[in-house]
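The following paragraphs lead the reader through a protein model, from its overall composition to individual residues. Please keep the sequence and the structure in view while reading.

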Amino acid sequence: MGIFRLILSIEIVIFHSCTMLGIIGYSAVFGFYLMSGYAIMLVLDQKYENRLGKFWLNRWLKLYPAYAAVFAASMLLYVLCGNEVVIAAQKEKLFVAALDSYSFQEICRELFLGYQCKGHVSTALLLNGFPTITTQAWTHSVNLFFYLTAPLLIKLWKRNKLYYVGLFLLSLVYPLFTYMAGLDFPTYRYRSVFGSYFIFMTGGFLYFLKDKFPVVKYKGMLFVLLNVFYLSLFAFGSGKHELTERKIWFSVIIEVCILIVATQKTEWGGELQRACASFSADIYIVQKLARAMIMAICSISPVFADWLGWGTDFVIVPMLLVSAMLAIVLYVFIDRPLGKIRDTGRHT
């Protein structure tokens with residue numbers, strides 16, 4: 001799964017930086033939810049049975065320290081560079097708002113709960129949206145809701161599988177209703193807690209049924225072919241601003257197939273898979289900070305803008321490089337030390 005997670009994180013960076021691969025960013029986020037549903041059911045079943053306190057503590061250690069560091073660095077950058085960089089970033093797909101428009105309470109709300117600062121609290125919590133101070137904030141409330149309810153899901157499956165199936169079907173009601181009502185996809189079926197919850201549950205289903213799938217003989221070859229098929233789905237056709245929702249849902253089916261292949265036992269790539277898994281999360285969380293840093297550099301002189309390809313698809317090269325460097329810093333100073341603590345918590 002680690003390699004596929006890294007592929008998805010790179011796709012999200014590309015989506016936010018240039019016109020390549022169209023609307024793949026939406027599908028990539030759903031792919032993360034799908035794998036999270038599988039992985040969380042796995043660790044709850046095999047490592048955290050009757051130890052929910054340690055499970056939630058480890059999830060907190062995985063999610064928040066790195067995000068808080070990026071959040072603090074983003075705020076420092078905004079203070080140093082001024083709000084003109086932040087405001088200009090909105091049209092450059094940074095999806096952030098001017099820092100001085102928020103109260104201290106709203107800043108804390110976004111940092112700790114991850115939902116949209118502006119608007120009514122109940123609406124913001126369930127229907128995440130922009131502008132936010134950091135783009136990654138809206139995914140935190142979605143993940144947090146799943147982490148809080150995941151132990152219930154695994155208990156439902158073990159007590160009576162029909163309970164899980166019934167809840168899964170119930171989770172489909174909301175996205176189907178919003179689709180039939182013609183409501184906006186990004187707001188109601190993509191960034192909302194209830195709109196994306198059944199994707200997590202699908203990942204859980206795949207874990208529970210993992211022993212029922214036929215054994216794949218040539219796993220590596222099939223994994224590569226499925227990824228090529230997946231990428232080609234977005235490399236051709238309409239652009240990212242022409243939202244094709246059917247393409248997104250079809251891509252989720254391909255992601256299910258990739259996940260099935262990626263999670264079958266294999267002798268190759270164990271350490272590589274783990275490294276890619278850690279690196280992918282950091283790439284995702286630092287990508288907009290990397291873009292803001294590049295914007296700040298480009299604002300100094302047109303020469304820097306020309307060198308970095310600002311305003312063109314070539315900006316993806318410095319974007320990936322800066323994101324990779326920031327991700328390495330996060331991994332070395334936050335993820336790796338905390339990872340040792342989390343590993344201890346799994347086995348004690």
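**A guided reading of the fold**

The protein chain has 15 helices and 0 strands, where helices (H or I, at least four residues) and strands (E, at least two) are DSSP runs numbered from the N terminus. This is a predicted model, in which local features need pLDDT of at least 70 and side-chain atom pairs count only at pLDDT 80 or more, while totals for chains, interfaces and linings use all residues. Residues are numbered from 1 along each chain as its sequence is written, and side-chain values use heavy atoms, with hydrogens and water left out.

Of the 348 residues of the protein chain, 53% are buried; buried means under 20% relative accessible area, exposed over 50%, and partly exposed in between (1.4 Å probe, protein chains only). Among contacts in the protein chain with a separation of 6 or more, 75% join residues 24 or more positions apart, a contact being heavy atoms within 4.5 Å.

The expected span is 1.5 Å times one less than the number of residues in the helix. Because 14 of its 16 residues are buried, helix 1 is largely enclosed by the rest of the structure.

Helix 2 has 23 residues and reaches 33 Å from its first C-alpha to its last, close to the 33 Å expected.

Two packed helices are described by the angle between their axes and the distance between the axes. The axes of helix 2 (residues 24–46) and helix 11 (residues 219–235) come within 10 Å and cross at roughly 145°. Here axes are lines fitted to C-alpha atoms, for helices over the stretch in contact, and angles run from 0 to 180 degrees between N-to-C directions. Helix 2 contributes Ile24, Ser27 and Ala28 to this contact, and helix 11 contributes Tyr230, Leu231 and Phe234. By class, the contact has 5 nonpolar, 1 polar and no charged residues. In this classification, Ala, Val, Leu, Ile, Met, Phe, Trp, Tyr, Cys and Pro count as nonpolar, Asp, Glu, Lys and Arg as charged, and the others, Gly among them, as polar.

Which residues have the most contacts inside the largest nonpolar core? They are Phe30, Tyr33, Ile40, Met41, Leu44, Phe146 and Tyr230, in a core of 97 residues. Helix 2 supplies the largest share of this core, 14 residues. A nonpolar core is a set of buried Ala, Val, Leu, Ile, Met, Phe, Trp, Tyr and Cys residues joined through side-chain atoms within 4.5 Å.

Leaving aside neighbours within four places in sequence, the contacts of Phe30 include Phe185, Tyr190, Trp249 and Arg189. Arg189 lies in helix 9 (residues 185–190) and is buried, with a relative accessible area of 3%. Besides Phe30, Arg189 touches residues including Asp184, Ser196 and Glu245, not counting residues up to four places away in sequence. The C-alpha atoms of Arg189 and Phe177, 12 residues apart along the chain, are separated by 9.9 Å.

Helix 8 holds residues on either side of the accessibility limits. Ser171 lies in helix 8 (residues 161–180) and is buried, at 10% relative accessible area. Leu169 is also placed in helix 8, but counts as exposed at 51%. With neighbours within four places in sequence left aside, Ser171 is in contact with Phe194, Tyr197, Phe198 and Met201. Leu169 and Phe198 are 29 residues apart in sequence and 8.4 Å apart in space, C-alpha to C-alpha.

The C-alpha atoms of Ser280 and Ala324 are separated by 9.5 Å. Ala324 is found in helix 15 (residues 316–347) and is partly exposed at 22% relative accessibility. Ala324 touches Phe279 and Ile283, not counting residues up to four places away in sequence.
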